[in-house]
Amino acid sequence: MVGGMTSASVARWTSDERIAVARLAGLDQMTTARLRSLLLGRRPGAAVGRVLDGAVEHEPVGRLLRRDPAVAHRWRAQLAERSAARIGAELADLDVRVLGPEDPEWPPPLLVDPDPPPALFVCGRLDTTVRRVAVVGTRNPTAGGLEIAARFGHGLASAGVAVVSGLALGIDGAAHRGALAAAEASLVAVVANGHDRPYPKRHAALWREVTRHGAVVSEWPPGTAPEAHRFPRRNRIIAAMSEAVIVVESRERGGSLLTARDAAERGVEVMAVPGAPGARAAAGTNKLVQDGAALVVDVDDVLTFLQLDHSGAGRLPADPRPAPSGDEMVVLGALRDGPTTVDRLAGRLGLDLGVAAMHLARLERSGWAFEVDGWFEALDEWARLLDSAGVGEQGTPATRGDAASITPERQVNSGVGSVLGAVGAHDVCS
Amino acid sequence: MYARIRSGVLFGARGHGVDVEVHVANGLPAFQIVGLPDTTVRESRDRVRAAIQSTGRKFPDVRVTVNLAPSEPRKSGSGLDVAIAVGVLVADGHIPPEAIAGLGFVGELGLDGSIRPVAGVAPIVGVLDDVDVVVPVGSEREAVVAASGRVRTVSHLVELIDTLGFDAPWPDHPPEHDAATLPSEPDLADVRGQRMPRLALELAAAGGHHLLFVGPPGSGKTMLASRLPGLLPSLERDAALDATMVHSAAGVALPPGGLVVRPPFRCPHHTSSQASIVGGGTHTLRPGEISIASGGVLFLDELPEFAPTVLDTLRQPLEAGVVHVARAAASTTLPARFQLVAAMNPCPCGSRGESPGACSCGADRAQRYVARVSGPLLDRFDLRVNVEPPEVEHIMSAEPGESTAVVAERVATARDLASFRQGCLNAFLPAPLLDDVAPLTTDARRDLRAELELGRLSGRGYHRVRRLARTVADVAGHDGAIGASHVSTALELRRALRPAQSVGRWLAA
């Protein structure tokens with residue numbers, strides 16, 4: 001399938017052809033397989049012509065058109081509406097380029113992928129010479145998980161590795177923020193929607209930042225909504241583009257396990273950061289370790305795998321936080337042993353509740369501790385890599401309503417033994 | 001041929017005196033009730049006729065007209081049955097008119113002539129202040145609390161005819177068997193561990209602060225909340241009388257002794273209708289849960305599950321201490337000085353707060369769940385407390401927590417201190433008084449300033465924290481300036497549901 005496509009379209013797409021691909025990709029009910037079959041063995045302009053004529057016999061588009069003749073009408077109408085001029089202007093406005101497999105920027109691993117995207121919509125610069133590692137995880141992490149993600153992001157970026165992630169809330173965002181804190185960061189964000197509306201909205205600034213230091217990549221053209229089914233599909237591209245996928249925190253049925261599965265299917269190294277037994281935020285990653293994922297606790301572990309020099313990776317400037325006073329130091333020491341509540345801390349240190357609350361509040365205000373839902377966690381120097389939006393997302397008001405519908409988690413079939421071994425069977429997206 | 005009998009009807013939580021006039025005259029046999037009776041009153045015709053017949057007397061087969069004076073307000077309820085029956089018997093000559101002088105009657109009739117209790121005897125008897133009252137045996141407790149004259153009890157229409165018509169002595173019904181003591185309130189000693197939530201309860205009791213518990217299912221929120229009334233001092237005479245009136249009017253069983261002495265604890269289910277919570281219904285305007293809880297605690301478990309419209313109707317009574325219920329035909333004012341205690345899960349899956357990262361809901365979903373409780377209502381809670389599941393060693397520990405008796409004593413001392421100092425509970429401290437009554441130490445001022453500068457505390461929140469910190473200090477027996485640990489405790493006890501703060505904020509400086 002792959003070979004056929006690449007050999008048929010030998011020459012690179014012209015700029016008009018790139019616009020034609022964008023016109024086709026934005027059609028109703030367009031899927032990876034359908035777009036791939038439309039472009040198989042013909043130039044994009046010819047493919048548009050075929051659609052306009054309604055003369056597509058190829059599976060699976062032909063099957064769709066035979067089953068539902070209305071689609072052909074709708075597509076014709078949409079192509080008229082999605083005129084070359086309009087789409088061209090839209091792409092130019094958003095500074096989005098359409099990449100095909102023949103382009104030098106096309107990530108080489110996608111050339112041999114079993115399920116490659118027919119085209120990529122890219123904003124920013126996609127460097128094929130740089131090595132790429134994905135850092136993914138839950139959208140609902142602990143403060144400790146955010147720190148680790150940021151640490152990995154920063155360490156990888158400092159060693160010259162591009163950090164690939166999904167730009168989701170939580171771990172994904174923290175990894176990118178950490179990478180951005182490095183001197184010469186190179187980032188790749190693979191998103192599930194079009195470039196016209198950054199999603200999640202809370203990461204709009206981060207989105208822009210990533211385009212400046214790398215690329216935001218999508219399989220779909222501007223105008224595509226962040227629909228639930230697109231997220232697991234997006235995950236395969238994250239996995240395919242990377243040399244290794246590091247899962248930082250994931251629940252038992254977390255969406256990042258899908259990325260891990262995609263990686264395992266492609267022979268991409270899966271690495272997992274373990275958590276305490278019983279910690280629900282780490283249930284998925286612990287399972288990954290059980291299933292044979294490489295256990296990593298530090299950036300060095302990853303750099304060693306990549307056979308990169310890791311001396312001096314991730315060195316940070318001096319910590320600007322005021323040093324805690326004597327008693328606060330004791331409390332901070334206790335916090336470092338694990339998350340705790342005022343109640344528990346007071347009991348453990350034999351403090352008055354008020355005094356315990358006072359020390360914790362002061363540590364929190366000065367940035368040494370972080371509180372969510374009554375639990376305090378100590379923050380090491382890496383906390384600084386997470387800027388306000390990254391961690392504050394836990395409780396800030398919802399900006400849009402469709403997040404609830406996007407639950408790639410539910411698609412993991414955890415009943416099938418090994419998470420990594422469970423291949424096929426649950427490809428609910430097709 | 002004519003008789004006039006004193007009785008009364010219930011309206012909201014108040015009684016209204018009604019004169020039942022009965023006229024028996026020649027004409028086609030008929031039995032009419034006029035004077036704006038509602039259906040329940042009109043139905044009493046059949047009960048009265050059957051009851052009189054079952055005593056062996058003949059119901060007059062002429063024209064019987066009953067007028068309920070004053071005729072303007074609509075009358076409701078079956079409490080007029082006995083008065084109507086007595087009126088018919090007097091007008092028909094079975095009872096001499098002079099026998100009913102100086103008497104008022106309240107009660108419902110059974111078809112066999114038995115006399116049954118009705119709701120609202122206390123407020124009705126309260127307005128019949130110029131007569132001795134005759135009430136059903138089961139209502140004696142309520143009547144005694146409110147009556148200014150003597151209270152006679154009857155169990156059957158025959159007894160009444162014997163007493164009034166044949167000068168028999170009033171029947172002597174033994175008072176209902178009272179348990180020697182009040183039913184025991186749950187004890188705080190049952191709560192193991194949970195020092196913060198326990199402190200919150202103590203502060204709520206001592207300062208009159210509204211309290212919200214946020215925590216995963218099974219963390220003991222309901223158990224904690226049900227122990228608040230035990231910490232509150234008993235009601236003073238006036239408040240107890242008011243509470244008794246409302247309880248009686250709402251048909252809620254009164255405690256032994258009749259007077260509602262202990263602060264009520266009401267926990268309506270989250271499917272409760274607006275009328276059942278704030279009061280109302282049609283023209284009877286029955287007191288709602290907020291009125292029944294007046295003087296005590298209204299506990300709303302699963303707060304976000306209540307209809308938002310129901311919750312928002314609580315805001316005005318919370319401020320005013322009364323609720324004015326109006327319908328097209330009538331309106332009334334009911335007491336609503338309740339302390340609001342609520343409990344909720346932190347998110348739909350409920351596990352948020354069990355441990356960091358335990359929740360699988362996602363921030364947006366949890367946020368939408370919490371947002372079902374409106375900001376203005378949340379703002380009324382001075383205490384917003386995270387409740388974590390108790391630690392295993394605490395659950396297994398044989399050592400009981402501090403008992404209600406011990407804590408209640410500290411609460412009483414703190415309340416006395418507050419009322420001696422400023423004449424009100426700390427929750428109601430006017431803001432201008434705060435600098436006099438709740439001065440801050442330099443340390444405490446610095447901590448509060450830091451919170452304000454971080455934008456985590458609004459101006460209003462600042463005052464609330466100071467009031468709460470005053471209570472924290474009072475409970476600790478500290479009457480002087482408020483220290484940093486008191487302020488920190490107050491801040492900590494308002495922390496639940498606050499949006500998580502950024503760790504990077506201080507970087508901007």
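This briefing walks through a sheet in chain B, the surroundings of one histidine in chain A, and the overall make-up of chain A. Please keep in mind that the model is predicted. In chain B, five strands form an open sheet with parallel pairing. In chain A, the residue to look at is A:His203, which counts as buried.

**The sheet in chain B**
- Reading across the open sheet of chain B, the strand order is 11-12-15-10-16.
- Its edges are strand 11 (265-266) and strand 16 (383-386) of chain B, each of which pairs on one side only.
- Further in, strand 12 (residues 297-301) and strand 15 (residues 339-344) of chain B are joined by five bridges in the parallel sense.
- If you look at strand 15 of chain B, you will find B:Ala342 there, opposite B:Leu300.
- Helix 7 (residues 195-207) of chain B lies across strand 10 (211-214), strand 15 and strand 16 of chain B.
- The angle between helix 7 and strand 16 of chain B is about 165°.

**Around A:His203**
- A:His203 sits in the loop that links strand 5 (187-191) to helix 11 (204-212) of chain A.
- A:His203 counts as buried because it has 24 C-beta neighbours inside 10 Å, and the cut-off for buried is 20 or more.
- Leaving aside residues up to four places away in sequence, A:His203 touches A:Leu167, A:Leu169, A:Gly173 and A:Pro198.
- A:Ala168 is 35 residues from A:His203 in sequence, yet their C-alpha atoms are 7.8 Å apart.

**Chain A overall**
- Chain A contains 19 helices and eleven strands.
- Of its 430 residues, 55% count as buried.
- Among contacts in chain A with a separation of 6 or more, 73% come from residues 24 or more positions apart.

Technical notes
Residues are numbered from 1 along each chain as its sequence is written. Chains are lettered from A and ligands numbered from 1 in the order in which they are written. This is a predicted model: local features need pLDDT of at least 70, side-chain atom pairs count only at pLDDT 80 or more; totals for chains, interfaces and linings use all residues. Two strands pair if DSSP finds at least two bridges between them. Helices (H or I, at least four residues) and strands (E, at least two) are DSSP runs, numbered from the N terminus. Two residues are in contact if their C-beta atoms, placed from the backbone, lie within 7 Å. Axes are lines fitted to C-alpha atoms, for helices over the stretch in contact, and angles run from 0 to 180 degrees between N-to-C directions. A residue is buried if 20 or more other C-beta atoms lie within 10 Å of its own, exposed if 12 or fewer, and partly exposed in between; C-beta atoms are placed from the backbone.
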